[in-house]
Amino acid sequence: MRDVIFTSSVLILAILAIRALVKGKVPAKLQYALWLLAALRLMVPGTLGSSSISVLHLLQIPVATESDSVSSLDADADVDTDVNVGLMNVGSTVADHSFMLSLMTVVRGIWILGIVITGSCMLWYQIRFMRYLSAGRKPMQGGNVQYHGLKVYTVKGLPSPCLCGNKIYLDEELAEDESKLKHILAHEYCHYRQLDSLWAVVRCILVSVYWFHPLVWAAAYASKQDSELACDEAAIALLGEEERYAYGRTLLSLVCEKVPKGTTVGPLLTMGGSEKGTRERIGRIAKRPRTLILVGGLVLVVAVVLGVITFTGTRQDETSGTESQGIGLMVLDADTGAILLYEELPYEDFTDRINDAEAWEEEKDRILEEVKRKQNEIEKQQAEIEKQEEAMRSQIEEMKQLQAEVEAQQKALEEEIRKRAEEALAPQGTEPIEE
């Protein structure tokens with residue numbers, strides 16, 4: 001995940017820079033196609049091969065050499081029997097490792113929760129808008145109007161024309177204007193021909209999975225804008241250059257319309273958009289930019305280089321100074337499940353040591369002795385706790401007996417006081433009458 005986030009960040013920043021540098025100098029379709037690289041980088045979990053120019057070389061962190069980190073296995077050597085001893089000293093205590101495991105579990109839970117919330121919100125907006133379309137739609141001219149096989153529906157009060165599946169939706173008033181209708185149908189048909197509905201779904205999935213990554217959100221918005229630019233360009237080519245300015249006026253008439261909520265990066269494809277985005281589209285239509293073949297070729301070369309440096313990993317022979325992967329050894333307590341020992345064995349070190357059977361047996365015995373020692377310590381602590389509990393129970397019994405004696409003395413004292421009080425209150429010179 002770390003490598004994917006880093007490489008995709010580099011790729012997205014590079015594409016955003018290319019967009020700014022070659023604006024109006026390359027075909028909009030080529031500019032839109034660059035985002036395919038970013039989408040694939042976010043979908044591919046690992047790397048494809050290795051190269052010496054991979055950007056992952058920037059993540060290499062030098063660590064101590066093997067002679068400084070590997071514990072000696074000689075029988076006569078003095079070995080520090082701390083918790084983190086073994087075939088390789090991993091530089092962290094068991095408590096630290098347990099904390100990291102717990103932290104990773106919490107982070108993973110937050111990530112999954114974010115995916116569910118983001119995906120659910122997008123899905124809810126789209127379902128709500130699609131229900132609105134289905135409830136209010138009417139086949140245009142009784143269903144007799146189709147555009148290159150796409151059915152056309154009218155919806156009263158629809159904020160902006162849109163494509164949903166293989167159906168085009170537009171407002172009833174726009175349907176009455178033949179000039180605008182021609183431009184709208186051409187634009188939505190170009191969305192359909194470019195498979196933008198499919199890429200819009202991919203965009204939503206990636207935004208949901210990488211909801212925490214601001215550059216992914218920026219890429220989703222920019223790719224949505226580039227898809228509109230590509231469709232504008234394709235629609236004008238389909239309609240003819242004589243319709244360029246009329247098409248721009250149609251687009252200008254939609255700039256003040258309210259865009260349906262949730263469609264900025266959602267799967268619905270609306271012809272209208274934000275004011276800033278529509279202003280860029282109209283400006284590009286009005287200026288009629290001239291694309292340069294040389295610039296387009298240079299962009300393709302840069303795209304290939306970006307693919308190589310972001311899709312490949314580091315070479316094995318150049319990563320000797322980085323933290324090596326290894327085989328983890330974890331010893332758990334059979335009763336409580338607590339981690340007693342955790343040690344990591346590097347692959348290259350493990351291969352050498354496993355061939356020496358005697359050394360391996362000695363190391364295994366040492367580890368077992370360490371486990372037994374810790375178990376004995378735990379048993380001694382439990383026995384001490386039981387003794388303390390027994391002493392406390394004895395003290396409690398003695399306190400109960402003492403309390404009973406105090407209560408008995410208190411009752412006797414109260415009885416003596418009562419008798420003396422009665423004698424003091426009795427009349428003088430009188431004797432009790434005998435029966």
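Biologist: At what angle do α2 and α8 pack?
Modeller: Bear in mind that this is a predicted model. The axes of α2 and α8 lie 8 Å apart, and their crossing is left-handed. The packing angle of the two helices is about 150 degrees.

Biologist: Are α2 and α8 roughly parallel or antiparallel to each other, then?
Modeller: Angles over 145 degrees count as roughly antiparallel. The angle here is about 150 degrees, so α2 and α8 are roughly antiparallel.

Biologist: Which residues of α2 make the contact with α8?
Modeller: On the α8 side, the contact is made by V216, A219, A222, S223, D226, S227, L229, A230 and E233. Facing them from α2 are A28, K29, Q31, Y32, W35 and L42.

Biologist: Is R19 buried or exposed?
Modeller: R19 sits in helix α1, which covers residues 2-21. Leaving aside residues up to four places away in sequence, R19 touches Q31, W35, A222, Q225 and D226. Its relative accessibility is 14%, and the cut-off for buried is under 20%, so R19 counts as buried.

Biologist: And R203, is that arginine buried or exposed?
Modeller: R203 belongs to helix α7, residues 196-209. Its C-alpha is separated by 9.2 Å from that of V216, 13 residues apart along the chain. With a relative accessible area of 8%, R203 is buried.

Biologist: What distance does helix α11 reach from its first C-alpha to its last?
Modeller: Helix α11 runs over residues 293-311, which makes 19 residues. At 1.5 Å a residue, the expected span is 27 Å. The model comes out close to that, with a reach of 27 Å.

Biologist: Which helices are included in what covers the buried residues of α11?
Modeller: The buried residues of α11 are V295, G296, V299, A303, L306, G307, I309, T310 and F311. What covers them includes α1 and α2.

Biologist: On to the charges. How many salt bridges does a search of the whole structure find?
Modeller: Side chains of opposite charge can pair when their charged atoms come close. Searching the whole structure for such salt bridges gives 14.

Biologist: In the salt bridge of K224 and E228, what is the N to O distance?
Modeller: K224 and E228 both lie in helix α8, four residues apart, or about one turn of the helix. Both residues are buried. Their side chains meet with an N to O distance of 3.3 Å.

Biologist: What is the N to O distance for E415 and R418?
Modeller: E415 and R418 are three residues apart in helix α13, so about one helical turn separates them. E415 is partly exposed at 34% relative accessibility, and R418 is partly exposed at 39%. Their side chains meet in a salt bridge with an N to O distance of 2.3 Å.

Biologist: With which residue does R418 form a salt bridge at 2.6 Å?
Modeller: Look four residues apart in helix α13, about one turn of the helix. With the closest N and O atoms 2.6 Å apart, the partner of R418 is E422.

Terms used:
Residues are numbered from 1 along each chain as its sequence is written. This is a predicted model: local features need pLDDT of at least 70, side-chain atom pairs count only at pLDDT 80 or more; totals for chains, interfaces and linings use all residues. Side-chain values use heavy atoms; hydrogens and water are left out. Buried means under 20% relative accessible area, exposed over 50%, partly exposed in between (1.4 Å probe, protein chains only). Contact means heavy atoms within 4.5 Å. The expected span of a helix is 1.5 Å times one less than its number of residues. A salt bridge is a side-chain nitrogen of Lys or Arg within 4 Å of a carboxyl oxygen of Asp or Glu. Axes are lines fitted to C-alpha atoms, for helices over the stretch in contact, and angles run from 0 to 180 degrees between N-to-C directions. Angles under 35 degrees count as roughly parallel, over 145 as roughly antiparallel, 65 to 115 as roughly perpendicular and the rest as oblique. A crossing is left-handed if the near helix is turned anticlockwise from the far one by less than a right angle, and right-handed if clockwise.
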